[in-house]
Amino acid sequence: MIPEGDEPMAEHRISSIEVCNFRPFDEQEFLIDPERNIVLLYGNNGFGKTSFFDAVEWGLTGKLARYEGAARERNEYGVLKNQFANDGDSWVRLAFSQGRALKRSVRPSGHGDYNEGTVDTDPSTWLIKPEWTSLVDLQEAFNLTHLLTQEQVNRFVRSTKDTDRYAAIVSLFGLSGYEAYNPKLEEIRRQTRQRKEQFEREKNQKEQGIARKESSMGSADIDVRAKRTELAGLLEVETDELPDLQEVQRHIQQASQKLVQELEAAEGKNREIAYVAQNWVACEKNNQRIGELRGFVEENQRLTNACQNLAGCRWVRSVQQDYAAHQANPELATSLVTELSKFLASPQGLLSQCDPENEARMLEFGMSLGGGIAESIRSLIDLRKRLGELTEDAQRLETMLTAQSDLERRLIRLARDFIAENTQITQCPVCKSRIESSQVLQELEDRIHSDSSSFFRENAEKLRSLKGQILDRRQKKQSMDQQVQQILLDQHKQAIASKVSLEERLVTAKQLAATGESVKGWLDHLNTSISVIDQLDQRITADIHSSGAYVEGQETKEFYETRRDQLQAELLSLQKNVVSYNELKTRHKLSSPEELRKTTEQAAAVLTHLKNRKARTDAVTRLTTELLQDDHDSRTRAEIANLKQEIIALDKRIGACEKIENDCGELRAASRRVVEEETNRLLDEYGKTIQKLYVHLNPHVRLGRLEFRIDASNRANNRFVFEAHDPTGQVRVNPSYTFSSAQTNVLAISVFLGIALRQQWSNMNALFLDDPIQNMDDINVHSFVDIIRSVVRDTDKQFFISTHDERVFEFMRRKFRDNVQIFHFTGYGKVTHE
Amino acid sequence: MSISRDSVVARLNEVGLREIAERLAQGVNTIQSRAGGLFITKNFQSLDELEKGWGDTQNLVAASVQTNLEKLGLEPDLTWDIYLILMCPDVIPDALRLEIEYDKFCCKKYVVQEIAGTPFEESVTEEVPLLCEWATLESADALHPGVNRTAILQRLTTGIDTALAHAMTSLPDFESATAESLVDRLIEEQAQ
């Protein structure tokens, strides 16, 4: 109902909706009566009521919010076009009370048909108020303030996270503009931090540079004038004629190096001359010692030879004595030969020549040894023989048993064959008695078995006994074999040892005889005798004992050889020292003490001169270095001062960066604070309306009050929280987790209508409620209808309400009376006007 | 449209319903039609009286008014739009309120607690949806006083006296300039 006297509304109301090949509709026009505020859509489910709202939503926004979350699925099938219609364009045309209109057509696509289509005019340019253009998104805002579908509002109340709900509310309240600067502020903060880090790096580099420069500076100030005067004095120039210090330093370094070499040479010469002087007397002693050593070496060499000769004499004497003993027993060798012959001829000797691998030979020779061994071997042979006999007996018996068994089997087979060939004989030809062939055969088998069983039993027993004896004897034989074999092997070893011993003794005797013969021949050849050798021994011994180098009791060649080698080494060392000393004397021409004195004085003078030069050079070096360091320090001080100035400038920039960073934080906090304050303020206003609606819809017996608040405890994001509470405020619940579907529906309608009635972003004055009263009881419906009636009485809002419930439809039609226009959905996509 | 108790009583007498008219004259205080509905109010003196008398009152409305709309010179369609408002000075228990308000006989009933000093209209408007006032919503432009750039920036930077805040409000190219160039500019200005 339009209040009388008002000016024509500036807001836009729907004046007509046309659809073509859209969802269930072929071609349909909904011409809206401008004099009525309520449009009631009634019909069974599935006839197109929701599609009517789809047409409005898609026509205005190009989207259907409830399909936005399923991108893949919605592209697999047709969504927008009427799947039962003939080919043709699909489109929606919306006309508004102020003469505005738009037509949106489905755009052909290879994948499904869900898309934004093509629209002839952008509705956001006139549906959104100019000052809100950049603050709200048409599709998002439309679905929160103009189109109430169960899915969306329930999702907003029950499923949406508090933080997302807060963001949606902020956007809807036009407060996103306060947050629009945040990305820019964040980027400024990031850039500022980068700059600050860059400045800090530069500052750090400069501070390190200062530290390096300071460490390269001299530790103390110097008197430059005095130093320059001193340097000029050393260089023997006037102060103002001092050459370039770098040049002086370079020159003095070269000169200093050369001087160091000369100084080292002079010091070496002085050391050598001093050495010659110190060893002048000792040198004579060394020469004397060399002479003595030479004598000692020669004497020890002589004693070595004498000891060797003495040993020869004593060997000859020894051999001669052995030979004499051999001569005293001339039959020794002959007896040994005889003994060996006898041994070889003996069984032991023969055994030694036997091959242990040849058992027959070993047994034969074992028998020849006689005694216990022969007896054992004989027993073994008997045992072998008896074992062979027993084995033959057993084989014979087995053959006999086999033959008997074969005979038995043949007889039975013969009987079987006979019976098989004569089965027609049922009577005995002799006695005419009845014959049962199988019985006869069984009796025959039994008789053969009974006749032969005793034979088999006795012989089998005998065979078992024989085999037991064979086994016993085999074990005995094996034991005796091992014993005899061991005895023979031991005998064999002993025999070989005896033979070897005899042969060795024979060889020794023969060698002795040969050596004695050789010595005798040698002595004969020399026409001498052993007495001469004895004399020679005495003479050599006396000679050794008389030597000054003789050591009591030591008469071996090796002792004096060792002493000779030690003395020789001492001699060589001493000779080397003397040669070296003489070379120094020759080099420095120090043939006499006088020359030595003169040369010593000259060398010392040269060394002193060089040291003086070195001291002066060092002084020049030191002064030059100090003056150059001072020069360097002056420059460094200036550089450090510059660096410090640069650091001060950098500190200012760093400070500026920190301030800008703080500013960014402060401004971001301000934006959050302002948004929070504004949201709270607006929520308070919107909340009053929502609360009013909620109370009138009569939702909950005890939790009859609603509260909306912003929870800012999370540093990252604020939360938009719903709470329901009792009149005292002591019991508080989150409706999302407490309310039934009907109560949630009431809450959703309250929130939607509260926001819809107070929203300011849009000029559109039409509200669309798709089946808003599902789950409600009669009292809720009554209240809802009365609320709508009071709203349309006081405002110019245009409501589109759908229901499938006939009782509710009739109720609303009566309640809305002449302020309602009815579209009756009579079939799939079929609509009639009332 | 508004009718008084007296006119209804007179009308009932005219059509011969004198007994009902008499009871109506004694019990029901006001009969009022507003916003398309027919509102009948009845004041009870106590909770006990309400508990015992609300049934009789609705019976009286059903018998005297609802079935005699045409005789009373009212539109027959008003039979769907009769509201009975039961006033009581005591606190009304939830159970009794639910019993009365959810009762579907005759008409929609509301139980309203009379609070001393609160005007009748205000008390009733709070409870009855059809009597709600929504006209004030139309003047809600003041809810969103600042949605343009200038207003937003002023609000954002209020009380923040910093170079960055000044730059935001005074630099014409603040929004289009790159963060890099803004930072360089601010650093150099502040480092001076």
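A residue is called buried when its relative accessible area is under 20%, exposed when the value is over 50%, and partly exposed in between. The views below come from a predicted model.

**Figure 1. Two cysteines of chain A and their burial.** A:C283 has a relative accessibility of 6%, so this residue counts as buried. A:C307 has a relative accessibility of 2% and therefore counts as buried too. A disulfide is a covalent bond between the sulfur atoms of two cysteines. How many disulfides does a search of the whole structure find? The search, which covers all chains, gives zero.

**Figure 2. An open sheet of three strands in chain A.** The strand order is β8-β9-β10, and the pairing is antiparallel. Strands of a sheet pair through backbone hydrogen bonds, in either a parallel or an antiparallel way. Which strands lie at the edges? They are β8 (705–711) and β10 (732–733) of chain A, each of which pairs on one side only.

Figure 3. In chain A, β9 (residues 719–725) and β10 are joined by two bridges in the antiparallel sense. A:H725 stands opposite A:R732, a residue of β10(A). Helix α6 (residues 162–172) of chain A packs on the sheet, where it touches β8 and β9 of chain A. The direction of helix α6 makes about 105 degrees with that of β9(A).

**Figure 4. A stacked pair of phenylalanine rings, A:F768 and A:F800.** Over all chains, the count of aromatic pairs comes to 22. In the pair formed by A:F768 and A:F800, the ring centres are 4.9 Å apart and the planes are at 20 degrees, and the pair is stacked. Planes under 30 degrees apart count as stacked, which is why this label applies. The pair links distant parts of the chain: A:F768 belongs to strand β11 (residues 766–769) of chain A and A:F800 to strand β12 (residues 798–803) of chain A, 32 residues apart.

**Figure 5. A cluster of phenylalanine rings in chain A.** Ring pairs link A:F25, A:F30, A:F52, A:F53, A:F142, A:F768, A:F800, A:F823 and A:F825 into a cluster.

**Figure 6. Lysine charges over aromatic rings.** The ring of A:W280 has the charged end of A:K585 over it, 4.5 Å from the ring centre. In chain B, the charged end of B:K42 sits over the ring of B:F44, at 5.2 Å from its centre.

Terms used
Residues are numbered from 1 along each chain as its sequence is written. Chains are lettered from A and ligands numbered from 1 in the order in which they are written. This is a predicted model: local features need pLDDT of at least 70, side-chain atom pairs count only at pLDDT 80 or more; totals for chains, interfaces and linings use all residues. Side-chain values use heavy atoms; hydrogens and water are left out. Two strands pair if DSSP finds at least two bridges between them. Helices (H or I, at least four residues) and strands (E, at least two) are DSSP runs, numbered from the N terminus. Contact means heavy atoms within 4.5 Å. Axes are lines fitted to C-alpha atoms, for helices over the stretch in contact, and angles run from 0 to 180 degrees between N-to-C directions. A disulfide is a pair of cysteine sulfur atoms within 2.5 Å. Buried means under 20% relative accessible area, exposed over 50%, partly exposed in between (1.4 Å probe, protein chains only). Rings of Phe, Tyr and Trp (its six-membered ring) pair if their centres lie within 6.5 Å; planes under 30 degrees apart count as stacked, over 60 as edge-to-face and the rest as tilted. A charge sits over a ring if NZ of Lys or CZ of Arg is within 6 Å of the ring centre and within 35 degrees of the ring normal.
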